[in-house]
Amino acid sequence: MSFSGEIRSELARQVSGARHCQLSELFAMMEYSGAMPAPGEAPEAIEFRTEYTLVAEKYFRLLKKLFGAEPELAVKQGSRKNTHRYLVRLSDGESIRKIMAAAEKPPVRRDCCRRAYIRGAFLVCGSVSDPNRSYHMEFVCESRTSAARLLETVAETGVHPKMIQRRNDFVVYLKEIAEISELIGRMGSRVGLMNLENIRILKEMRGNVNRKVNCETANINKTVSAAVRQIEDIRLIEERVGLDTLPNGLDEMARVRLQYPEASLQELGEVLDPPVGKSGVNHRLRRLGDIAARLRGGMEGD
């Protein structure tokens, strides 16, 4: 099961204890699935469609619990292999009138109702990408009005999503890991939140390790390149004028570098007699480089 599917399954199994929260969640499920009739309409039936078993079951239970409704549940083959589509159809006129009357007076927008409303929206039109790959959470809404309402409701919880139009849909989305975690927790997905945080921590640890390795690799490459250049300079000096012609201290430095081509500046300094610090070794190697540069210049002039 996908990460998004795990969160949806966890949320679908939750039922709020308060009636106003149950109404908020049910109405969100209806609105963002396209099942909610327009105000003033008197439909012969209300049809709710989903491809998720647990979501269909939750919608069915909420209708029965809140309005005493007896909806019909039908299962059809989905468009993809081994998938199904669930249709919950309510045709009882009295139950429909109760629902429409309740919808005209939406529940009090307490914080708990907001969380229930967002949870209902996520169940039917929300998704979260695999956090191992990217951080992205979105709600795909059929109308700008519904998307704007969801955007406002989410913002009232302290999380600040953005909205874009994607073809004929309007998408409310989050890309910041901190806000995605916050909203998942507010919807009530404790397991999903824990899994997301675990993945985030592991990714940060891997990132820190990779940065450290890359830094160390860059330093090693820099050291190796410098050593190769120094040895080339010393070989040139040896061939052109001989190391014995070098000033006092530089001849020893040249021979030690040739003897220990992979040694660091500190290691080279410890081999010298008497020992010399890194800055002293670096200074001597620079002087050798200057001599080699002058010799190269002379070669070019020959």
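Helix 1, which runs over residues 3-12, is mostly covered, with nine of its ten residues buried. Keep in mind that this is a predicted model. The buried residues of helix 1 are Phe3, Ser4, Gly5, Ile7, Arg8, Ser9, Glu10, Leu11 and Ala12.

What lies over them? The cover for these buried residues of helix 1 includes helix 3 (53-67), helix 5 (111-125) and helix 7 (177-187). Strand 4 (126-128) and helix 8 (190-240) are also among the elements that cover the buried part of helix 1.

## The chain as a whole

Stepping back, you can find eleven helices and seven strands in the chain. The C-alpha trace spans about 110 × 40 × 35 Å along its principal axes. The radius of gyration of the chain is 35 Å, whereas a compact globule of 302 residues would have one near 19 Å.

Of the 302 residues in the chain, 41% are buried. Among contacts with a separation of 6 or more, 64% are between residues 24 or more positions apart. The chain exposes about 17,200 Å², and carbon and sulfur atoms supply 50% of that area. As for charge, the chain has 47 positive and 41 negative charges, and their mean positions are 6 Å apart.

In soluble globular proteins, nonpolar side chains tend to be buried together. Here the largest nonpolar core has 52 residues, and Tyr59, Met137, Phe139 and Leu150 are those with the most contacts inside it. Another core, of 19 residues, lies apart from the largest one, and among its members are Ala263, Leu272, Val276 and Leu285.

Which residues does Met137 touch, leaving out those up to four places away in sequence? Met137 touches Phe122, Ser127, Val128, Val172, Tyr173 and Leu174, and also Ile180, Leu183, Ile184 and Met187.

## Two backbone details in loops

Between helix 10 (265-271) and helix 11 (278-301) there is a loop that holds Pro274. Asp273 and Pro274 are joined by a cis peptide bond, with omega about 0 degrees.

Arg167 is not a glycine, yet it has a positive phi of about 55 degrees. Is Arg167 buried or exposed? Arg167 counts as exposed because its relative accessibility is 70%, and exposed means over 50%.

Definitions and conventions: Residues numbered from 1 in each chain as written. Predicted model: local features only at pLDDT ≥ 70, side-chain atom pairs only at ≥ 80, totals over all residues. Heavy atoms only, no water. Helix = DSSP H or I, 4+ residues; strand = E, 2+ residues; numbered from the N terminus. Rg over C-alpha atoms; globule rule 2.2 N^0.38 Å. Buried < 20%, exposed > 50% of the residue type's maximum accessible area, 1.4 Å probe, protein only. Contact = heavy atoms within 4.5 Å. Areas by Shrake-Rupley, 256 points an atom, 1.4 Å probe, with all protein chains shown as cover. Lys, Arg positive; Asp, Glu negative; His and termini not counted. Charge placed at Lys NZ, Arg CZ, Asp CG, Glu CD. Core = buried A, V, L, I, M, F, W, Y, C linked by side-chain atoms within 4.5 Å.
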